[in-house]
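Me: I would like to learn how to read a structure feature by feature, going from single residues to the whole fold. Could we take one example and work through it slowly?

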Amino acid sequence: MKKLRVIVPVLSMLPAFAIAANLITNPGLEQGSFVPTDWGTMGGGTLTYLQNQTSGNNCHTGTKAVSIQSPSPFMAGWYNTNFVPASMGQTYQVRAWVRSINFDSDDFVITYFEQYDAAKTSLGVLCGTGILGSSNWREISDVFAITNPSVATVRVFFLFGRSATATTGQAIYDDVTLELLSSPPSPSAIKAISHVGGLVTLSITNPTAGTSHSVERTLDLSTSWTTAGTFVATCTMTNWSQEFSNQWQRGFYRVTTTN
Ligand SMILES: [Ca+2]
């Protein structure tokens, strides 16, 4: 049983605590002219560097993203070419924003976490859970633990695949993150907070699946804390929000995480 309490004033619009460094280079795909800087392709099919796009449409943010269509023979994708130093005992979280269009029943997106030895020879991949179905932009998330003592570096692949039947689907990736978690995985912390009208939205870091979060608030730090809401995190959950009464136009929030 581990508990962490973090207090953040509700009017703060900036991250209040240090966020683990993103180890992906060019994570938003915005750098690059004909190809995205520090990104490569794996497999066949149609792998396209989308440019001059509109945020929220065929890119998540900015104007650029990467697309996968007609994976051949069964799976294709993009990967960050940067070798990230890594070693046994470390745990990483990989996240990416994905738009999946016209997926049929056996189409999926999945994250691969490839491990290499000191000579950059592959030691095999760890597979993410995979996501099925068409969807507008959603964040996928996987946690990978390194248990092989020969691992020296890792790289991350973002793939679109199919099983038996051909596909007319398209997967678009943008805004990817690779973060080193402390070991054991660190408890959640409030990453950011927004306050629009009566709606407060907290963005939670490291929401390990199955962990329970209790959010409390107070009008000022001299009065008692009351429960504002609770939730159990899933792999893809990063936000909690609740509309509150006008008397709570300002206040302080804290979150307790129970592993
Ligand atoms: Ca982008």
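Me: Is E30 buried, exposed or partly exposed?

Reply: The reading rests on a count of surrounding C-beta atoms, where 20 or more within 10 Å make a residue buried and 12 or fewer make it exposed. E30 has 17 other C-beta atoms within 10 Å, and it is therefore partly exposed.

Me: Which residues does E30 contact, once its neighbours within four places in sequence are left aside?

Reply: With those neighbours set aside, E30 is in contact with G62 and K64. As for T63, it is 33 residues from E30 in sequence, while the C-alpha atoms of the two are 6.9 Å apart in space.

Me: Where does D175 lie, and is it buried or exposed?

Reply: D175 lies in strand β11, and although it is not a glycine, it has a positive phi of about 50°. Since D175 has 21 other C-beta atoms within 10 Å, it is buried.

Me: What kind of peptide bond joins S72 and P73?

Reply: Here omega is the angle to read: it is about 0° for the bond between S72 and P73, which is a cis peptide bond. P73 is found in strand β3.

Me: Which way do β3 and β11 run when they pair?

Reply: They pair in the antiparallel sense, over 4 bridges, and V66 stands opposite Y173 in β11. β5 is also joined to β11, by 10 bridges and again with antiparallel strands; in that case the bridge partner of Y92 is L180 in β11.

Me: How many residues are in the largest nonpolar core?

Reply: In soluble globular proteins, nonpolar side chains tend to be buried together. In this model the largest nonpolar core has 39 residues, and those with the most contacts inside it are V109, F113, F158, L159 and Y173. The elements that give two or more residues to this core are β2 (39–50), β3 (65–80), β5 (91–101), β6 (108–116), β9 (135–145), β10 (153–161) and β11 (170–181). A second, separate core of 7 residues includes L202, I204, Y253 and V255.

Me: What does F158 contact beyond its neighbours within four places in sequence?

Reply: Apart from those neighbours, F158 is in contact with G77, W78, Y79, A96, T111, Y173 and V176.

Me: How many helices and strands does the protein have?

Reply: There are 0 helices and 17 strands, and 34% of the 259 residues count as buried. Among contacts between residues at least 6 apart in sequence, 74% join residues at least 24 apart.

Me: Where is the pLDDT below 50?

Reply: Where pLDDT is low, the predicted coordinates should not be read in detail. The mean pLDDT of the protein is 82, with 76% of its residues reaching 70 or more. Over residues 9–18, however, the pLDDT is below 50, although this stretch has 18 contacts in the model beyond near neighbours in sequence.

Key:
Residues numbered from 1 in each chain as written. Predicted model: local features only at pLDDT ≥ 70, side-chain atom pairs only at ≥ 80, totals over all residues. Core = buried A, V, L, I, M, F, W, Y, C linked by C-beta atoms within 7 Å. Contact = placed C-beta atoms within 7 Å. pLDDT = per-residue confidence, 0-100. Pairing = 2+ DSSP bridges.
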